[in-house]
Amino acid sequence: MNKKSSKISTSNENYSHLELINLGKIFFKEKKFIDFRSKGNRSGFEAIKDINLKIEKNTFVSIIGPSGCGKSTLLNLIAGLQAPTSGKIIIDGQAIKGPGPDRGVIFQNYALMPWLTTIQNIEFALNTVFPAKTKADVKERARKYLRMVGLEKASNKFPKELSGGMKQRVAIARALSINPNMLLMDEPFGALDALTRSYLQDELLSIWRKNKVTVVLITHSIEEALLLSDKIVLMSSGPSAIISEEISVDLERPRDREKIEQDPTYLKIKMRLEKHLLRETRAVEEVT
Amino acid sequence: MNKAISTRLTFAVAILSLLIFIILWQVIAQQGLLVKNFPGSFKTIGSLIWWVSDPFFDNGPNDLGIGTNLLISLRRVLIGYSLAVLVAIPLGVLMGMSKLAQSSLNPYVQLLKPVSPLAWLPVGLFVFRNSEITGIFVIFITSIWPTLINTAFGVASINPDYLRVSKSLGASKSTTIRRVILPAIMPNILAGMRISMGTAWLVIVAAEMLLGTGIGYFIWNEWNNLSLENIFVAIIIIGFTGFILDQFFGFLQDKFDYSI
C-alpha cells in the first residue's frame with residue numbers, strides 16, 4: 001500500500017491530515033459481455049464531483065447534506081472501500097491506494113459479525129491488523145477497549161444479546177482498537193433512540209479527547225453536527241453533489257448540551273444550516 | 001392450558017392414532033379387503049422384531065441381517081455425500097464470489113441438476129466396473145447440487161457490511177473467506193447439506209436395487225421372495241434412519257442460526 005505515493009508539500013499551510021483534491025465518483029452500469037467492444041459513451045451515475053477539502057489533524061469534522069447526496073460515497077472513498085473515478089485522497093501527505101488500518105470505520109448498522117462474541121469481534125480486527133501479536137496480547141488489548149466503552153461485562157455476549165447502543169459501542173471499540181489516527185463514521189447514531197444517541201455522543205467526545213484522532217462524521221442531524229464538530233461541511237443535493245459550504249464551529253469546548261442552545265453563535269449557524277438543508281432537500285424533492 | 005398437560009396430551013393422541021392405524025391395518029388385511037395375502041400389521045410387527053433382534057447376521061450376499069444392509073447403505077451414502085460436500089462448498093464459494101466462475105459453471109449446474117441421479121448408474125458401472133464405487137458415485141452426483149447451489153447463493157447474498165468491515169481492516173482474500181464468508185454462510189451451507197442428505201437417502205434405495213447389497217437391495221430381494229411384510233420392515237427402518245439424519249441437520253441448523 002501507498003507505493004508510488006506523491007509527496008505534497010505541507011510547509012506553508014496548516015498541517016492537514018486529510019486532503020481531498022478534485023474528488024469525483026461516477027457509478028457506471030455493470031459491464032456486460034457485449035459492451036466490451038463498444039468503448040466510449042458509457043453512461044453512469046455521478047454521485048459526487050470536484051470535492052476539495054482539507055481536514056486538520058485531530059479535528060472533528062461533520063459532513064452534512066440532504067439524503068442521497070453522496071455523503072456515504074464520500075466516506076467510502078476516504079475509507080478506501082471504493083476507488084474514486086477522478087481526483088486524489090491524500091492522507092499525511094501520501095495518496096491512498098485502498099483501505100488501511102490508519103482509518104477506523106464505523107457503520108450505521110454496526111456491522112458486527114453475529115457469529116462472534118463481543119470480544120471476538122474486536123479480536124478479529126486486531127488479528128487482521130496485527131498478525132504478529134500473541135493471543136494473550138490481543139485478548140488484553142480487546143479487553144482494554146471494551147472497558148473503554150464500558151462493556152467489559154458483555155465481552156462474552158453475542159451481538160444479538162446487545163441493544164443497538166451497546167452494539168455501536170462495540171463497533172467503536174473495534175474501530176479504535178487498531179489504533180487508527182482517523183475515525184470515519186457513517187451516520188453512526190442514526191438508528192438509535194434520542195437518549196441513547198446523546199449518551200453515545202458524549203461518550204464519543206470523551207473518547208475523541210483522550211485518543212488523539214481525526215474524526216470525519218457523516219450525519220443528517222444539525223444538532224449533532226453542532227454539538228460535536230470543529231467544522232461542518234455542507235454538501236449540495238445529488239446527483240453530482242459538491243461541497244457548497246464549510247462552516248467552522250467556534251464554540252467553546254466542552255460544550256454543554258443545554259447551555260449551547262442559547263449561544264448566539266450556535267443559533268446563527270443552526271439557522272444557516274437549516275436554510276441550506278431545506279433548500280437542498282426541496283431541490284431533491286422537486287426533481288423526483 | 002398447562003404446558004406439561006398439553007405435552008402429555010399430544011403424546012397420548014400420537015399413541016392412540018398409532019394404535020388405531022395398526023388395528024385398522026390388521027383388520028383390512030385379515031378380511032382381504034385390499035388384496036389376498038396382504039400382510040397384516042401383526043405379522044409385520046413380528047417380522048420387525050425378528051429382524052431387529054438379530055440385525056447383523058451374514059449368510060452370504062442374499063441373506064444379510066437388516067442392520068448389516070443398513071450399514072452398507074449408510075456407508076455408501078456417507079462416503080459419496082462427504083466427497084460431494086467437499087467439492088460443493090469450495091466450488092459454491094467460487095461461484096458466489098466470481099462472476100466468471102458463475103457464468104462458466106452455471107449452465108452445467110442448471111442442466112444436470114434436474115436429471116435423476118439414477119441416469120448416471122449405467123455410466124458409473126461402465127466406467128468403474130464396480131457396483132460399490134458406482135453406488136458412491138451416484139450418491140456423489142445426487143448430493144452435490146443442493147449444497148453447491150445453496151453455498152453459491154449464500155455467498156452472493158452475504159450482508160455487504162461484513163465484507164466492508166473486513167476490507168476496511170485490510171484483510172487478505174483468504175482471511176476474508178475463512179473468517180468472514182464461511183461463517184457468514186454457514187446457515188446456507190447447512191440448509192443445502194440437509195437437502196443433499198435427504199435426496200441421497202432417497203436415491204440410495206433405488207440405486208441399490210440394481211447394485212446388490214444394501215437396504216435397497218434388501219427390498220428387491222424380498223420382492224423376489226414375495227415377502228411383503230419384510231419390505232414393510234425395510235420401509236419402517238429406512239424412514240426411521242432418514243428421520244434421524246434429518247434431525248441431526250436440524251440440530252446443526254439451530255446451532256448456527258444467527259438471527260434474532
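Helices (H or I, at least four residues) and strands (E, at least two) are DSSP runs, numbered from the N terminus. The model shown here is predicted: local features need pLDDT of at least 70, side-chain atom pairs count only at pLDDT 80 or more, and totals for chains, interfaces and linings use all residues. Residues are numbered from 1 along each chain as its sequence is written, while chains are lettered from A and ligands numbered from 1 in the order in which they are written.

**View 1. Asn22(A), a residue with positive phi in strand 1 of chain A.** Find Asn22(A) in strand 1 of chain A. Asn22(A) is not a glycine, yet its phi is positive, near 45°. Most residues other than glycine have a negative phi, and most peptide bonds are trans. Asn22(A) counts as exposed because it has 12 C-beta neighbours inside 10 Å. (A residue is buried if 20 or more other C-beta atoms lie within 10 Å of its own, exposed if 12 or fewer, and partly exposed in between; C-beta atoms are placed from the backbone.)

**View 2. The open antiparallel sheet of chain A.** Stay with chain A and follow 4 strands, which form an open sheet in the order 2-1-4-5 with antiparallel pairing. Its edge strands, each pairing on one side only, are strand 2 (44-56) and strand 5 (94-95). Two strands pair if DSSP finds at least two bridges between them. Strand 1 (residues 16-28) and strand 4 (residues 86-91) of chain A are joined by 5 bridges in the antiparallel sense. As a landmark, Leu18(A) has Ile91(A) in strand 4 of chain A as its bridge partner.

**View 3. A parallel pair in chain A.** Here strand 6 (residues 103-106) of chain A meets strand 7 (residues 182-186) of chain A, paired in the parallel sense over 4 bridges. Val105(A) stands opposite Leu184(A) in strand 7 of chain A. In a regular strand the side chains alternate between the two faces of the sheet. Along strand 6 of chain A, Arg103(A) and Val105(A) point one way, Gly104(A) and Ile106(A) point the other way, and all are buried.

View 4. Arg253(A) and Pro254(A) are joined by a cis peptide bond, with omega about -5°. To find Pro254(A), look in the loop between strand 10 (243-248) and helix 7 (264-287) of chain A.

**View 5. Helix 8 of chain B and its buried face.** Which residues of helix 8 (residues 173-184) of chain B are buried? They are Val180(B), Ile181(B) and Ala184(B). Seen down the axis of helix 8 of chain B, these buried residues fall within an arc of 85° (the arc of the directions from the helix axis to the C-beta atoms), so they line one face of the helix. Ser174(B) and Arg178(B), on the other side of helix 8 of chain B, are exposed. Among the elements that cover the buried residues are helix 3 (66-97), helix 6 (131-156) and helix 7 (160-168) of chain B.

**View 6. Where chain B touches chain A.** 15 residues of chain B are in contact with 18 residues of chain A. (Two residues are in contact if their C-beta atoms, placed from the backbone, lie within 7 Å.) On the chain B side, the elements that give two or more residues are helix 7 and helix 8. Helix 7 of chain B provides the largest share, 6 residues.

**View 7. Ile139(B) and the largest nonpolar core.** A nonpolar core is a set of buried Ala, Val, Leu, Ile, Met, Phe, Trp, Tyr and Cys residues joined through C-beta atoms within 7 Å. The largest one has 128 residues, and those with the most contacts inside it are Ile78(A), Leu184(A), Val216(A), Ile139(B) and Ala234(B). Helix 6 of chain B gives the most to this core, 12 residues. Leaving aside neighbours within four places in sequence, the contacts of Ile139(B) include Arg76(B), Val77(B), Gly80(B) and Tyr81(B), and also Ala200(B), Val203(B) and Ile204(B).

**View 8. Arg129(B), a positive phi in a loop of chain B.** Arg129(B) sits in the loop between helix 5 (120-128) and helix 6 of chain B. Although Arg129(B) is not a glycine, its phi is positive, about 50°. Is Arg129(B) buried or exposed? Arg129(B) counts as exposed, because it has 9 C-beta neighbours inside 10 Å.
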